[in-house]
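Hello,

Here is the structure I promised to pass on to you. Below it you will find my notes.

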Amino acid sequence: MSIRIGIVGAGRMGLTHLAILNTDPRVEISSVADTSRTVLDVLSRHVKCRTFRDFGRLVDEDRPDALVVCTPPTLHENVLRAALERGIHVFCEKPFTVSARLAHELADAFESAGLVNQVGYVNRFNDVFMHVRELLDAGILGRVQRYRTEMASATVTRPQNGSDGGWRGTHETGGGVTYEMASHAIDLVNFFLEPPRRVVGTVMSHVYSRTVEDIVSTTLLHDDGCTGTLFVDWCNRTVRKPANRIELAGEKGRLTADQYSVRIWLEEAQPDLDLHEGWNTRHVTDVFRPVPFYVRGNEFTRQLRHFVDNVEGNRSNGHCTFRMGAETHDVIESMFEDGRRNGGMR
Amino acid sequence: MMEPVDEIVFGDNQFFGINHMSAERAQQQAERFRDLSAITEVYRHALDAGIRAVLLNTNERADAICDWFRAHKSTLPAISWYPSIPYPHKYANLIAEKGMLATLRDVLLQGTGASGAIGMMTKGGLSLLTRDEIRAMQMLIDIEMRTFRGLDVKVIFLQNIVTDLMLGLGAVRIFEEYCNWIRRTYGVTPGLLTQNLPRLLSLLSEAGIEDVVVCSSFNQIGYLMSPDVESYVEAARRNDPQRCQIMAMSTLASGAIPPREAYDFINRQNVQSVVFGASSARNIRETVSLIDLRYGRAALKQSAAVSPERRYDAPGRLARDSS
């Protein structure tokens with residue numbers, strides 16, 4: 001019996017997820033909801049599924065086993081609550097709420113209902129970052145004492161007229177580089193280390209946007225004494241696609257990783273991991289694992305296969321759960337607060 | 001019977017700071033190829049090595065490159081062009097900013113060159129057009145193909161992010177309409193770039209779509225090959241090149257495989273063509289000397305009845321049609 005999945009929000013991410021899930025033999029895409037009739041009309045000519053302009057009707061009439069939610073962030077809460085009431089598992093795009101309190105509340109609710117819950121922090125499924133996590137679990141760096149995490153994209157590359165359109169225009173609706181980009185960089189820190197508990201020195205600045213920040217930087221403080229800095233800029237025209245880079249320094253060595261390679265420097269060789277003393281480079285071509293279907297990157301497929309695996313096995317404690325998403329929101333809210341203390345937007 | 005594709009096609013990733021393995025290397029390449037002359041020098045090396053086919057994506061440098069080839073046509077050997085459209089990153093940020101439908105409207109409006117009163121009328125027409133995805137696709141193809149006017153186009157490839165999205169959706173009709181438009185309007189062979197060769201070949205075969213070229217990553221480590229290398233080898237082995245020819249790309253897996261080893265593997269596969277990129281005369285010559293697709297091309301009976309003049313001057317109008 002197939003797992004029936006409904007897609008809510010058929011924008012760029014919604015269509016990507018639809019294409020990937022449609023290739024999973026365990027899955028039947030049973031329905032799609034979107035507010036645009038044009039989008040639904042086009043879609044229904046090419047994909048066999050029911051379409052709805054209202055997600056409420058989708059959940060009631062189609063009764064899917066799981067939802068993939070790709071609406072603007074402020075709409076997530078209503079969709080997630082409707083899913084919760086009807087016992088539907090949820091994969092939700094990031095940022096999955098615009099409030100840390102709400103994020104934890106939803107995490108609690110999905111956990112106690114035993115429903116699968118996952119947020120689309122795709123870096124956790126990237127071949128290189130997964131390898132880094134394995135190396136850290138094997139203890140190659142010892143205790144990590146400091147780090148630097150950066151993210152760059154060419155998302156906003158010219159002056160924005162008036163308010164920055166739609167939901168991308170305010171923090172309340174999930175807009176700005178902190179929600180849209182830094183959330184990935186923070187989640188990557190949380191993937192490798194225990195989440196930071198405090199932030200200091202947060203600065204948010206405009207480059208092209210008028211109502212939200214384009215660059216954010218901060219210092220993150222962890223309970224165990226580890227500290228890190230974060231710098232995220234979405235006006236960076238030198239990158240073709242969003243690019244994360246993280247440098248970690250520990251007692252026994254250091255490493256620098258991006259989506260394509262990791263360079264590792266070790267005080268002592270680790271023969272069981274085939275790592276030499278000094279420098280070691282591993283490229284994505286050395287560490288990748290193939291996925292059954294490719295569109296836009298292995299990580300996109302891998303995160304959805306993980307979701308379907310969990311729905312199939314009825315496991316609500318997978319990778320990248322709502323709880324992990326909520327922990328990212330804790331950091332984001334601390335940054336907003338700290339940024340305001342430091343004089344607000346520059 | 002399909003017209004055989006060129007055995008060796010010269011690619012373009014090396015010019016545009018695209019390197020799947022290293023951002024630093026990509027930057028070095030972008031600096032090196034800042035001037036068009038640095039790019040055309042490499043094309044000259046490729047021509048000197050005997051290559052007569054070029055695959056070019058419609059990125060921001062494509063217009064200048066095609067201008068140069070048009071301007072030097074009389075002094076250069078005849079070259080077959082393999083455009084790949086569209087350049088996805090050109091649209092990705094626009095889509096992130098404005099949404100898909102607004103982007104589509106903007107691109108069509110800009111591309112159709114409408115302005116003033118005509119623009120206003122066209123705008124109304126355009127919002128209707130976005131509801132007709134097939135017509136919108138045809139217009140987008142024509143806008144993209146302007147870059148290649150006056151060049152001898154042999155195959156027009158649909159870029160892999162689009163192909164694979166449609167493949168995942170199972171949108172068979174889009175593939176049919178794409179292939180029809182390319183044949184009808186340009187009189188050339190339609191091509192599809194993909195990272196999912198076995199799945200695409202199955203879909204084409206089930207839909208009865210023939211006379212296409214499929215270009216896909218193909219290397220022995222299985223990099224950018226879904227689901228895996230074994231399925232690729234098997235799908236290629238079972239493929240009939242009279243119906244669908246296979247072009248291998250990423251044969252060196254972004255440099256992870258030494259060339260000799262890479263082509264020892266490729267030469268044993270049922271592939272009819274290789275597209276590769278390199279930046280030095282030495283590497284180009286070495287690669288050309290290593291590629292030997294006699295096995296994969298044995299089934300391609302060279303037909304004399306193919307390849308009339310395939311020039312066209314403007315999208316939608318073949319030179320031979322207008323005469």
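How many residues does the contact take from chain A and from chain B? The contact takes 34 residues from chain A and 37 residues from chain B, where two residues are in contact if their C-beta atoms, placed from the backbone, lie within 7 Å.

Before you read on: this is a predicted model, in which local features need pLDDT of at least 70, side-chain atom pairs count only at pLDDT 80 or more, and totals for chains, interfaces and linings use all residues. Residues are numbered from 1 along each chain as its sequence is written, while chains are lettered from A and ligands numbered from 1 in the order in which they are written.

**The side of chain A that touches chain B**

Two or more residues each come from helix H1 (12-22), helix H2 (37-46) and helix H8 (284-287) of chain A. H1(A) gives the most, with seven residues. Helices (H or I, at least four residues) and strands (E, at least two) are DSSP runs, numbered from the N terminus.

**The sheet in chain A**

Eight strands form an open sheet with mixed pairing, in the order E8-E9-E10-E7-E11-E12-E13-E14 (chain A); two strands pair if DSSP finds at least two bridges between them. Its edge strands, each pairing on one side only, are E8 (198-205) and E14 (278-283) of chain A.

E8(A) runs antiparallel to E9 (residues 215-221) of chain A, and six bridges join them. Within this pair, Val199(A) stands opposite Leu220(A) in E9(A).

Do have a look at it on your screen!

Best wishes
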